[in-house]
Amino acid sequence: MQSPQVRTVQSQRLQKIGAYLFADLDRKQEALQAKGVDVINLGVGDPDLPTAEHIIRGLEEGARDPRSHRYPPYYGTGEFRRAAAQWFGARFGITEDPDRQVLALIGSKEGLAHLPWATLNPGEVALVPDPGYPVYRSATIMAEGEPYAMPLRADRGFLPSFEGIPHDVLRRARLLFLNYPNNPTGATADLAFFAEAVAFAKRWGLLLVHDNSYSEITYDGYRAPSVLQVDGAMDLAIELHSLSKSYNMTGWRVGFAVGNEEAIQALGTVKTNVDSGVFRAVQQAAIAALTGPQDVIGRTLAIYKARRDRLVAALRAVGWNPPSPKATLYVWMATPNGQSSVDFAADVLERTGVVITPGIGYGASGEGYVRLSLTTPDARLDEALTRIRRAYG
Ligand SMILES: *Cc1c(COP(=O)(O)O)cnc(C)c1O
């Protein structure tokens, strides 16, 4: 007897997010590894440096606190929200009410993923940067919203052009996602651009969602601004911060949102229905990070900067043309001779055993670029650069 056909497991929502683009490249990588090739991964952006000792102690103390063994407050502990507001105030000169304008997140990714659920009705549009961190688009689709890609082009410094967006799209639009310092392009935005974005959001009634995950990962004396420094931004903007990149804490899953009170409340309401908040001991560790010595960031940045300089020099030595980014963990480079991003990444992998990310994985406008990350230990990075020099020099 035939069993009834099992219907496809994936919802239409999930199917719409689309197939994983790099399956082919992953197979090539696995095939090389099976042949004994020592593959070096410059594809992922995941800090390799350890979390500082005083932060780990914060977790240990938190874990022994019996309050940690119970459900945490949904919006984060008062102590965490005050620490976040204090850090934000000291860093950007903006006062946030820790009780109404700050929300603890299980990493900024969690906040980004839940924001469309909190704020979008089915069929409403979210404007998303392209290339961009994939969550803006996929979370919009999961919430049955419609992502509209704003191309980021080199000739505009990888800032979107708001003028080009059709009015019939804007009339249905509700969310505007921005991310500077930018993953994957390494681009930065100044306050004048943020002021333009705030005016645009106001004109069209958008909630501006700024992903500031790389605010502290900057070089050469550059300091990244907050969108909330723009006059009137608090009326329509929310900004997401993460401890992941600043404090080498990607595994810990902690960040926070600050800004517009209604948006914070809406996002918090989703969280009360979904995840019950951040483990209190992790919040204790985050407090240690935010209120403790900040020179740990400077030491991390010195290492990334040295890697950036060696990477850029090595790529230029073989005739490629990467810019030297003044922020983020990424070098975003046009492929040589206009090769497709997937072909070029496959060629580099086959000839050197080095994994780099094809730009098209971040959206159609990422085509023609590849991303190389600075989060590989020094010796491994240098080995990768030696191989690239040998293969392409
Ligand atoms: C790494 C990253 C995040 C996610 O950070 P978590 O706080 O670890 O969730 C969000 N946005 C961008 C652009 C990132 O690169």
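Predicted model: local features only at pLDDT ≥ 70, side-chain atom pairs only at ≥ 80, totals over all residues.
Two packed helices are described by the angle between their axes and the distance between the axes. Here, helix H3 (residues 53–64) packs against helix H11 (residues 280–291) at an angle of about 145°, and their axes are 7 Å apart. The crossing of H3 past H11 is right-handed.

## A sheet and its helix

Next comes an open sheet, built from 3 strands in the order S9-S12-S11 with antiparallel pairing. Strand S9 (330–334) and strand S11 (357–358) are the edge strands, each pairing on one side only.

Strands of a sheet pair through backbone hydrogen bonds, either parallel or antiparallel. S11 and strand S12 (residues 369–373) run antiparallel and are joined by 2 bridges. Look for threonine 357, whose bridge partner in S12 is arginine 371. Helix H12 (residues 295–317) lies across S9 and S12, and runs at about 15° to S9.

## A closer look at arginine 81

Arginine 81 sits in helix H4 (residues 78–92). Is arginine 81 buried or exposed? Arginine 81 counts as buried because its relative accessibility is 12%, and buried means under 20%.

Which residues does arginine 81 contact, leaving aside its neighbours within four places in sequence? They are Tyr75, Gly76, Pro98, Asp99 and Val102.

Note on methods. Residues numbered from 1 in each chain as written. Heavy atoms only, no water. Helix = DSSP H or I, 4+ residues; strand = E, 2+ residues; numbered from the N terminus. Buried < 20%, exposed > 50% of the residue type's maximum accessible area, 1.4 Å probe, protein only. Contact = heavy atoms within 4.5 Å. Pairing = 2+ DSSP bridges. Axes fitted to C-alpha atoms, helices over the stretch in contact; angles between N-to-C directions. Left-handed = near helix turned anticlockwise from the far one by under 90°.
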